[in-house]
Amino acid sequence: MTTYSYFPGCSANSTGISYTKSADFVCKKIGIELEEIPEWCCCGTSAAKLTSYDLGYALPSRSLALAEKLDASRPIVAPCAGCYAALKDALVYAQASKENLEHVRDMINMPYEASVQVMNLLEVFSTQEAKDALQQQITKPLSAFKVACYYGCALVRPVEVCKFDDPEDPQSMDTIMRLAGAEPIDWSFKTECCGAAQQMAVPKPSRVLIERIFQNAEANGANAIVTACPLCWMNLDMRVKAINKERAEAGKPAFDLPVFFFTELLGVALGGDAKTLGIDVHFQPGAPAFIDQKVKESAQIEEERKLAAAEEARKLEERAAKLAAKKQAKAEDVHSPQGGEQ
Amino acid sequence: MSRIGVFICYCGSNIAGTVDVEKVAEVARTLPNVVHAETNKYTCSDPGQAGVKAAIEKYNIDRVVMGTCSPRMHELTWRKLLADTPVNPYMLEVANLREQCSWVHKDKEVGTAKAIDLIKMAVAKVDKLSPLKSTQIPVTKRALVVGGGIAGMQAALDIADAGYQVTVVERETSLGGKMVMLDKTFPTMDCSACICTPKMSEVGSHPNITVKSYAEVESVEGYVGNFDVTIREKAKYIDYNLCTGCGACTTKCPTKVINNFEQGMSARPAIYKMFAQAVPAKPVIDAEHCRKIQENKCGACAKICPTGAIHYDDEDKVTTERYGAIVLTTGYQLIDWKPLYPEYGGGKYPDVITGLQFERLVNASGPTEGHILRPSDGKEPKNVVIIKCVGSRDPHKGVAYCSRACCMYGAKHAHQFLDKVPDGRCFVFYMDVRTPGKGYDEFYMNTLQDGAQYLRGRVSKIYKEGDRLVCLGEDTLTSAQIRIEADMVVLETAMVPAEGVDKLGSMLGVTRDKDLWLTEAHAKLRPVETNTAGVFLAGVAQGPKDIPDTVCQAGAAASKVIGLLNHDHLESNPQISRVNEALCQGDGACVNICPYHAITLVQKQFRENSQKITRTVASVNPGLCQGCGACTVTCRAGAMDLLGYTNESLMREVDALCQW
Amino acid sequence: MSMVETTPGAWEPKIVAFCCHWCTYTGADLAGLNRMNYPANVRVLRIPCSGRMNPQYALDALNKGCDGVLVCGCHPGDCHYSTGNYFARRRMLVFKRLLEYQGLEPERFQVRWISGAEAGKFRDTVTEVVEQVRALGPLHLNHELVLSGMEVE
């Protein structure tokens with residue numbers, strides 16, 4: 001049992017409810033406990049920094065200080081990529097110099113050492129402990145899922161702050177998906193911007209950003225997109241409808257790619273049902289049906305694989321037996337007086 | 001008892017204007033051991049010099065103080081003068097009465113007082129100097145050229161044509177370097193092979209040139225005129241005396257190995273000639289991939305060889321020979337862009353190629369016989385994107401410098417593509433277009449006329465969609481986001497020094513700059529010399545440059561080598577470090593500090609208290625020591641001293657100036 | 001115009017400048033060629049390289065009546081002998097700390113990098129050092145303190 005301090009973020013009980021539900025389910029299954037930081041507040045996200053950098057550092061630092069008070073030895077987990085980026089940026093800022101730390105302390109007026117570690121959920125599931133636990137618990141491998149792992153911009157950048165995965169071709173989510181039996185596709189938009197808040201300010205031009213993500217995922221053979229950020233998920237899952245409408249007008253085929261949180265798919269692999277995992281409240285209504293369909297296909301594939309493996313083993317055995325027989329015949333041949341030339 | 005002569009110059013009114021020269025001479029006469037002091041209107045003139053000579057003879061002078069202009073101006077003049085007299089040329093001290101006295105002070109009283117002090121200092125110092133003799137260093141009249149690219153070949157030919165023996169050491173199995181891989185050369189578009197391969201055969205057949213291919217320099221000992229160089233020739237497994245170069249063996253070899261000469265775009269057998277016109281025109285066996293050598297199977301090549309030239313038990317040949325001069329022409333390699341640019345696919349997409357790969361694609365003797373076909377599916381690309389400065393001028397990812405040739409060969413690639421694929425489109429992303437050179441800008445303008453579209457900006461991302469490569473970038477002149485669906489992308493990548501040059505440099509005491517380019521002795525005035533006497537450099541080894549500049553520099557290096565080899569002997573600078581072996585502890589602090597590797601520790605026998613003992617002491621190589629004196633200060637025992645600037649003479653000078 | 005040229009007889013600082021042959025000595029020559037003026041309180045002592053500068057010389061100079069010592073060489077990275085001034089830089093830094101520990105004012109021992117082209121910098125440096133030492137007054141050394149154990153061979 002590993003316990004983390006938990007920073008849910010504002011989307012946890014709204015647009016990101018599926019993320020929260022599925023993460024809860026998976027964590028419970030593999031023995032991870034998330035203890036909510038009492039009185040946590042808004043992380044400030046990118047908006048606070050636009051108002052003032054001080055505000056942008058003060059808001060997350062307050063929650064960091066509260067987490068320290070709760071238990072300084074535990075890392076904080078922030079499932080939302082925006083929260084993760086804001087918290088980690090504030091932490092790195094405070095750790096950079098004594099003056100910075102002093103400045104933050106002055107602003108939040110609390111004891112603060114900038115000592116707690118900040119992690120995102122991908123990091124948590126990338127620990128050897130979590131991976132081992134997942135491996136043991138997986139009951140329904142996702143063999144029919146060809147997923148495009150979409151990390152978004154905030155999880156891996158800026159490199160100086162995040163320092164956890166490759167900024168151009170991150171692998172942590174791919175590894176986790178592979179572990180769950182899915183096939184992560186090789187594609188090029190893992191860390192491209194989804195348009196984030198621009199989708200509300202200038203929706204039409206920003207939709208291109210989402211469209212090209214879908215397009216590249218589809219072109220590279222994915223049948224689903226997987227995310228680790230509530231805002232990315234919402235932008236993709238909610239706005240694909242409008243994009244498809246526009247594409248229909250332009251005579252282009254619609255995208256048929258459900259968007260999932262990686263925890264939802266993990267949950268499926270661990271035997272969770274769509275309702276428990278929150279898959280039933282997606283914007284794209286086909287998600288639960290997709291899951292059912294693919295789970296069935298996966299089971300089939302697994303069955304076929306088992307049969308194929310058995311057949312392969314049988315063949316090998318046969319070949320070995322033949323070889324042994326030949327050897328023996330040869331040995332006898334050598335000993336017989338007429339052997340050799342014939 | 002020394003007999004010092006002091007000669008003070010008026011320098012017209014240059015010195016005399018601010019210094020009472022006669023008064024200085026008068027004071028000089030009173031200084032200890034000064035037997036004579038005189039003044040002269042212009043000491044450096046013929047009558048002035050004659051006067052000095054006469055006085056030396058008349059007063060039996062054995063050391064001299066010249067109170068004249070700066071030693072930087074006339075120290076050598078005075079040395080030459082003294083060489084004609086019984087006085088040793090190094091028993092000389094120049095008091096700088098002009099540049100550092102009369103010209104910087106206006107008050108005559110002040111100037112005179114200072115001049116007297118400067119003379120006192122010089123007299124004190126010269127009193128403690130001892131005669132020095134330069135030694136004669138013999139010159140071995142042979143040169144070694146390291147690297148058989150165009151720079152090395154040019155240098156070797158120039159030196160050999162002057163009548164000296166030259167050995168060319170080439171790491172690859174053939175001469176030619178990078179130039180022979182190129183298709184055409186800008187701006188004249190003459191075929192690279194047509195101008196490079198004749199040079200190769202000229203080098204290969206020159207009576208004064210020995211080519212050691214598939215070989216590397218293993219170690220270097222010695223100094224200018226006398227470098228003992230150990231060269232390792234890797235086992236070729238073929239007796240070149242028997243081999244006729246028929247090539248039958250290469251057709252029978254069953255092994256396929258990635259062909260590096262073709263930039264990995266085709267395969268070659270394990271027994272191979274690097275390319276058709278290779279010099280030496282005989283194959284070698286790549287032992288690492290040969291089945292016979294690795295697993296003792298196959299042996300097809302030996303069976304087919306009509307002359308029995310193949311020996312699987314061949315071994316490396318290590319030879320040590322003496323050379324008088326060394327020319328380093330080690331050239332370059334292209335930067336490994338793959339780990340640096342994951343946004344360009346990091347090597348994931350076979351159709352994102354380097355400029356050198358493009359050269360092979362467009363070359364008639366290349367893997368596609370000159371048809372521009374993309375590596376992934378062999379289709380002819382219609383949209384090609386060329387990205388310049390990949391790795392260059394990008395200190396964040398690659399190197400900070402400009403690789404200098406890429407603007408031109410980028411334009412050449414665009415031109416060649418549009419020439420061979422008339423319905424194709426070519427986009428060139430650039431940061432700047434730098435075309436200084438004869439006919440260069442005209443060439444670039446022609447490429448624009450051909451229809452190449454130049455876009456000022458960088459490509460931020462290349463990704464694959466279907467079978468096309470999408471390039472996202474920006475045209476910074478119009479601030480437009482650019483999205484180009486390309487069939488092939490050519491990266492004009494940065495030049496970086498050839499592998500192993502760092503080791504070679506430290507072996508020879510040749511410094512490398514922060515990017516590991518070999519450093520010339522002076523950026524402007526000694527561009528082909530290095531800090532190690534007798535070692536010269538040419539070509540890209542010194543820094544990125546194009547073929548004309550490389551050939552120029554090779555010729556310059558060759559002329560320096562010829563000038564050196566033209567001497568039977570060299571005179572060494574006698575103002576070098578000297579070890580007092582009685583004091584030396586043999587701790588080697590001086591060995592570590594010497595930038596010229598001039599000091600070594602040796603075992604020497606001594607007689608102490610009528611007993612023979614062996615001690616470790618430092619030994620200075622007079623051919624290598626340049627007389628900087630760093631070792632003298634580092635020696636804890638005070639056993640090191642610098643002749644001409646001895647501790648004692650400098651301390652006397654300090655004493656003298658303290659008395660003012 | 002320096003004081004020395006106007007008030008003879010008064011105390012004047014004595015400074016010795018150890019200059020490397022390739023850079024600073026050349027720079028000092030250039031100052032002459034350009035007919036720049038600087039105080040006559042400095043005597044230049046030529047050494048081949050700042051790496052040749054033995055701290056003993058400075059000790060000797062200070063002990064025997066100089067009021068200040070200036071050590072000059074090529075800019076780091078420009079040494080004629082590749083690395084001499086790097087060694088000089090380290091040695092002189094340690095030596096300067098030692099002198100300051102012994103009670104010497106920092107202005108009396110200074111190390112500067114002056115290239116062969118920086119005639120103006122040579123003039124300015126000399127002028128500045130002379131004025132700084134002049135402001136400190138004559139050097140009264142506790143001879144025994146500095147001398148102990150540091151006498152030259």
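Ring pairs join A:Tyr19, A:Phe125, A:Trp233, A:Phe261, A:Phe262 and A:Phe283 into a cluster in this predicted model, where rings of Phe, Tyr and Trp (its six-membered ring) pair if their centres lie within 6.5 Å, with planes under 30 degrees apart counted as stacked, over 60 as edge-to-face and the rest as tilted.

| Pair | Geometry | Centre to centre | Angle between planes |
|---|---|---|---|
| A:Tyr84 and A:Phe164 | edge-to-face | 6.4 Å | 75 degrees |
| A:Trp233 and A:Phe261 | stacked | 5.1 Å | 25 degrees |

A:Trp233 belongs to helix H12 (residues 230–249) of chain A and A:Phe261 to strand S8 (residues 259–261) of chain A, so their pair ties together parts that are 28 residues apart in sequence; helices (H or I, at least four residues) and strands (E, at least two) are DSSP runs, numbered from the N terminus. Both A:Trp233 and A:Phe261 are buried, as are A:Tyr84 and A:Phe164, buried meaning under 20% relative accessible area, with exposed over 50% and partly exposed in between (1.4 Å probe, protein chains only).

In chain B, the charged end of B:Lys236 sits over the ring of B:Tyr240 at 5.2 Å from its centre, while B:Lys178 lies over the face of B:Tyr332, 5.4 Å from the ring centre; the criterion is NZ of Lys or CZ of Arg within 6 Å of the ring centre and within 35 degrees of the ring normal.

Residues are numbered from 1 along each chain as its sequence is written, and chains are lettered from A and ligands numbered from 1 in the order in which they are written. Local features need pLDDT of at least 70, side-chain atom pairs count only at pLDDT 80 or more, and totals for chains, interfaces and linings use all residues, while side-chain values use heavy atoms, leaving out hydrogens and water.
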